[in-house]
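Good morning, and thank you for coming. I would ask you to open the sequence and the coordinates alongside this talk, as I shall refer to both throughout.

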Amino acid sequence: MNSRFIRSISSLRSDGKSENEMSNGDEESSNYTGVSILSMRGGDGHNSYAANSLMQRRVLSMSKPILVKNTKEMMTSLNFPKCIKVADLGCSSGQNTFLAMSEIVNTITTLCQERNQNPPEIDCCLNDLPGNDFNTTFKFISFFNDKLTSNTPCFVSGVPGSFYSRLFPRNSLHFIHSNYSVNYPSKVPEELEKNKMSVYITSSSPLSEYKAYLNQFQKDFKTFLRMRSEEMVSNGRMVVTLFGRNTIDDPLYRDCCHHLTLLSDSLSDLVFEGLVSASKVNSFKLPFYDPTEEEVKEIIRNEGSFQINDLETHAFDLGHSKGESSLQSSRAKQGEKEANCVRAALETMLVAYFGDAINIDTLFAKYAHHVSQHAICMNKTSVTLVISLVRK
């Protein structure tokens, strides 16, 4: 298997257009500076994403049936192409992206053997923002090789850039996978009130805050679909996994154990102890949105380029209830485990915004404490949406 790394220049593309021009200069372009550093914690140390992404691996396992099903349907509907181009959008750092890629590659080769077809050459493209630690990801090339069940030619490349812009030539992609990445919009909504020391929507937020986050997600997810529709061949497939939420009457509802509610509580602790100013925390909001199934379906229908093939909602056990969580020592350990997972995902952005104004170790010690003090947090579940789409 060959590995190569593709360099890209975000300000000027190969067709001579800037990314803002690609988006017609409107709000769909990425202009929130925080998003440019929205990358998981790199390396392979104790606090790295590579060492704290077990939940994402479990989600990949849960979504495997839809991934396999759509890979097979893509191959048969396209009459077994001689070359297949697959992209993982939001690959992050570590080995998880290769778990998804190996599943797709192995499904293709097995199907070709069953149908007496020659296996195609497969181009595996790993995408994330330029600040992503691609070096750590590519250290797992041997892990990828070990996962493959045949000698099918695979060519692995890195594609740095925002998936809210064009990343690939027209009509070049056959299959796209994205896991928990599209939840992060191109920017924080501009209409938010800077108060109440909450980094995200809470039950006490004004309704306008929910509408602002929803509006931003609608714009960005529509842009994401439009960009992919230009890059993907007709009858190509896309499998997207999202953090979601249940459809309930109150769109503001987020329980006390929502990971961003816990982060808000932890930052508030630092303010109360005089370790950071209230104004600094009040002005910090995270670019994130957890949509309902109906919100996702409406955006896909309105954009119009894709047909929904599968849409499943899973109440996903976060795994913090395993073991004797009633014991104080066990509860503390589970709290630390969740804190490390959230830290791996958000530390880069927190450090970029707060700088030396907060101590990251202290912040996530507070976070772990909050988890350990709420028994409900040990047994909580999150809603995960798994969607497969067909390019019309």
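By a nonpolar core I mean a set of buried Ala, Val, Leu, Ile, Met, Phe, Trp, Tyr and Cys residues that are joined through side-chain atoms within 4.5 Å. Please keep in mind that what you see is a predicted model.

Let me begin with the core. The largest nonpolar core of this protein has 99 residues. Within this core, F224 and L263 are the residues with the most contacts. Helix 8, which spans residues 207–231, gives the most to the core, with 8 residues. As general background, nonpolar side chains in soluble globular proteins tend to be buried together.

What does L263 touch, once residues up to four places away in sequence are set aside? Its partners are V199, L286, L346, L350, L363, F364 and Y367.

I now turn to the overall description. The protein contains 13 helices and 8 strands. Of its 392 residues, 57% are buried. Among the contacts with a separation of 6 or more, 84% are between residues 24 or more positions apart. The accessible surface comes to about 16,600 Å², and carbon and sulfur atoms account for 48% of that area.

I122 lies in strand 3, residues 121–128. Is I122 buried or exposed? I122 counts as buried because its relative accessibility is 0%, and the cut-off for burial is under 20%. Leaving out residues up to four places away in sequence, I122 touches I84, V86, V105, I108, T152, P153, C154 and F155. For one of these, I108, the separation from I122 is 14 residues in sequence and 9.4 Å in space, taken from C-alpha to C-alpha.

Next, the charged side chains. In general, side chains of opposite charge can pair when their charged atoms come close. A search of the whole structure finds 17 salt bridges, and I shall discuss three of them.

The side chains of K69 and D310 meet in a salt bridge, at 3.1 Å from N to O. This pair links distant parts of the chain, with K69 in helix 4 (residues 64–77) and D310 in strand 7 (residues 306–317), 241 residues apart. K69 is partly exposed, with a relative accessible area of 31%, whereas D310 is buried, with a value of 14%.

The second pair is R166 and E231, whose closest N and O atoms are 3.7 Å apart. Here too distant parts of the chain are linked: R166 is in the loop between strand 4 (154–160) and strand 5 (173–179), while E231 belongs to helix 8, 65 residues apart. R166 counts as buried at 10% relative accessibility, and E231 counts as buried at 0%. Which residues make up the network of salt bridges that includes R166 and E231? The linked residues are R166, R170, R228, E230 and E231.

E293 counts as partly exposed at 25% relative accessibility, as does K297 at 21%.

Thank you for your attention.

Notes: Residues are numbered from 1 along each chain as its sequence is written. This is a predicted model: local features need pLDDT of at least 70, side-chain atom pairs count only at pLDDT 80 or more; totals for chains, interfaces and linings use all residues. Side-chain values use heavy atoms; hydrogens and water are left out. Helices (H or I, at least four residues) and strands (E, at least two) are DSSP runs, numbered from the N terminus. Buried means under 20% relative accessible area, exposed over 50%, partly exposed in between (1.4 Å probe, protein chains only). Contact means heavy atoms within 4.5 Å. Accessible areas come from the Shrake-Rupley method with a 1.4 Å probe; for residues, only the protein chains shown count as cover. A salt bridge is a side-chain nitrogen of Lys or Arg within 4 Å of a carboxyl oxygen of Asp or Glu.
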